[in-house]
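Have the sequence and the model side by side.

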Amino acid sequence: MKKPFFKNHLCYSLLSSLTLLVTLPIAFGSQPAFGSTLNRTPIILDDDGSQDGMTAWAYILQNPKFEVKAMTISQGLARPQIFGNNVMRMLAGLGITGIPVAVGRETPLSGNNAFPDAFRADTDTFWTPFTNLPDKALETVDQRSAAQLLVDTINQSPEPVEILMTGSATNIADALTIDPSIAKKISRLEIMGGAVFVPGNLREHLDPILKQNLVSEFNIWTDPVAAQKVFSAGLPISLTPLDATNQIGFTRADQAAWKATGTPESILASQLLDYALTNISGNDPLIPNPARVSASQTLLTRWFWGSTKAQISSKLLH
Ligand SMILES: [Ca+2]
């Protein structure tokens with residue numbers, strides 16, 4: 001039996017107005033293998049090119065519960081045009097072909113909220129040197145826009161499609177503008193975003209302007225008009241906000257376990273977690289200020305929301 005990719009966690013997720021206390025057992029050996037009679041859930045992955053979002057993608061891509069129909073990149077942490085090529089090289093490293101990938105617009109529907117360039121620079125390089133992608137991709141980025149790929153994939157699917165959104169709402173909003181009827185064919189929109197009863201995460205940033213914002217969460221803040229459009233579209237939404245993801249911390253032990261699992265997906269996840277633990281966990285809000293240590297010695301990161309969401313989506317809802 002393989003070692004678990006993600007460790008067991010006790011966490012809670014806000015679903016509608018209910019708080020559910022659940023465990024997230026991970027047991028690869030107990031899951032049916034690919035090609036079995038398992039009814040796989042068709043899903044589209046939409047992320048803004050984040051290290052935690054790519055870990056979520058790696059987790060879903062290797063999970064036999066899901067059939068990934070398409071992947072779309074939204075503006076946010078990434079600059080989509082640049083990051084599209086990174087994703088194609090990532091897929092080459094994972095040995096995955098045949099899943100269309102498209103990029104969305106470079107700016108939000110309205111306003112000019114944007115991640116500082118310094119943070120986008122690491123994403124542009126796919127967090128090199130923590131990761132080492134192959135130089136060449138096996139396939140190229142789909143020429144359709146992310147929104148058009150969403151519309152086409154949903155309309156062409158014989159059964160309703162789930163969407164995992166772990167970045168801004170920009171692409172989903174654009175897709176709803178192109179074809180509002182897709183709302184009826186989305187079985188569930190799973191969102192990692194927002195801060196409902198807890199403070200936001202911009203305030204945790206070191207950027208002097210961003211940290212003055214005490215309430216906003218990055219995914220919603222990056223394109224609030226798009227978020228409003230998506231939240232008001234009548235979709236069946238499963239929201240996992242900071243309220244839930246704040247409960248989950250990832251550590252060097254997780255990184256070591258994922259590396260030891262030894263699959264291409266788990267090794268990639270370990271590399272991305274290494275980046276987060278080294279570079280961002282020093283800001284972890286749940287570590288009291290006086291106890292914060294230098295970045296190389298930090299103990300855990302909760303800035304890994306997307307992967308938490310992927311696990312919740314997989315274990316709680318399927
Ligand atoms: Ca993300």
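Helix α4 lies across β3, β4, β5, β6 and β7 and runs at about 155° to β4. Axes here are lines fitted to C-alpha atoms, for helices over the stretch in contact, and angles run from 0 to 180 degrees between N-to-C directions. Helices (H or I, at least four residues) and strands (E, at least two) are DSSP runs, numbered from the N terminus. This is a predicted model: local features need pLDDT of at least 70, side-chain atom pairs count only at pLDDT 80 or more, and totals for chains, interfaces and linings use all residues. Residues are numbered from 1 along each chain as its sequence is written.

Which residues of α4 (residues 146-156) are buried? They are Ala 146, Ala 147, Leu 149, Leu 150, Val 151, Thr 153 and Ile 154. A residue is buried if 20 or more other C-beta atoms lie within 10 Å of its own, exposed if 12 or fewer, and partly exposed in between, with C-beta atoms placed from the backbone. An α-helix has 3.6 residues a turn, so residues three or four places apart point the same way. The buried residues of α4 pack against β3 (41-47), β4 (66-73), β5 (101-103), β6 (161-165), α5 (170-178) and β7.

Now look at the sheet. It is open, has six strands and pairs them in parallel, in the order β5-β4-β3-β6-β7-β8. Two strands pair if DSSP finds at least two bridges between them. β5 and β8 (237-240) stand at the edges with a single partner strand each, so one side of each has no neighbour in the sheet. From one strand to the next, the twist averages 20°. At one end, β4 and β5 pair in the parallel sense over three bridges. Met 71 stands opposite Val 101 in β5.

Move to β6 and β7. Five bridges join them, again in the parallel sense. The chain crosses from β6 through α5 to β7, and this β-α-β crossover is right-handed. That term applies if, with the strands pointing away from the viewer, the path from the first strand over the helix to the second runs clockwise. Leu 164 stands opposite Glu 190 in β7. β7 is mostly covered, with five of its seven residues buried.

Ile 186 belongs to β7 (residues 186-192). Why does Ile 186 count as buried? Because 22 other C-beta atoms lie within 10 Å. Leaving aside neighbours within four places in sequence, Ile 186 is in contact with Ile 154, Pro 160, Val 161, Ile 163 and Leu 235. Contact means that the C-beta atoms of two residues, placed from the backbone, lie within 7 Å. Ile 186 and Glu 162 are 24 residues apart in sequence, and their C-alpha atoms are 5.7 Å apart in space.

Next comes β8. Four bridges join β7 to β8, and the two run parallel. Ile 191 has Leu 239 as its bridge partner in β8, and Met 192 stands opposite Thr 240. In a regular strand the side chains alternate between the two faces of the sheet. Along β8, Ser 238 and Thr 240 point to one face and are buried.

Turn to a helix pair. How are α1 (residues 51-61) and α10 (residues 264-279) packed? Their angle is about 165°, and their axes are 9 Å apart. That makes α1 roughly antiparallel to α10. Angles under 35 degrees count as roughly parallel, over 145 as roughly antiparallel, 65 to 115 as roughly perpendicular and the rest as oblique. The contact includes Met 54, Thr 55 and Ala 58 of α1, and Leu 268, Ala 269 and Leu 272 of α10.

Loops can hold buried residues too, as Leu 77 shows. Leu 77 sits between β4 and α2 (80-94). Leu 77 counts as buried because it has 24 C-beta neighbours inside 10 Å. Not counting residues up to four places away in sequence, Leu 77 touches Asp 48, Gly 49, Ser 50, Phe 115, Phe 119, Arg 120 and Thr 123.

Finally, step back to the whole chain. Its secondary structure comes to eleven helices and ten strands. Of its 318 residues, 46% count as buried. Among contacts with a separation of 6 or more, 78% are between residues 24 or more positions apart.
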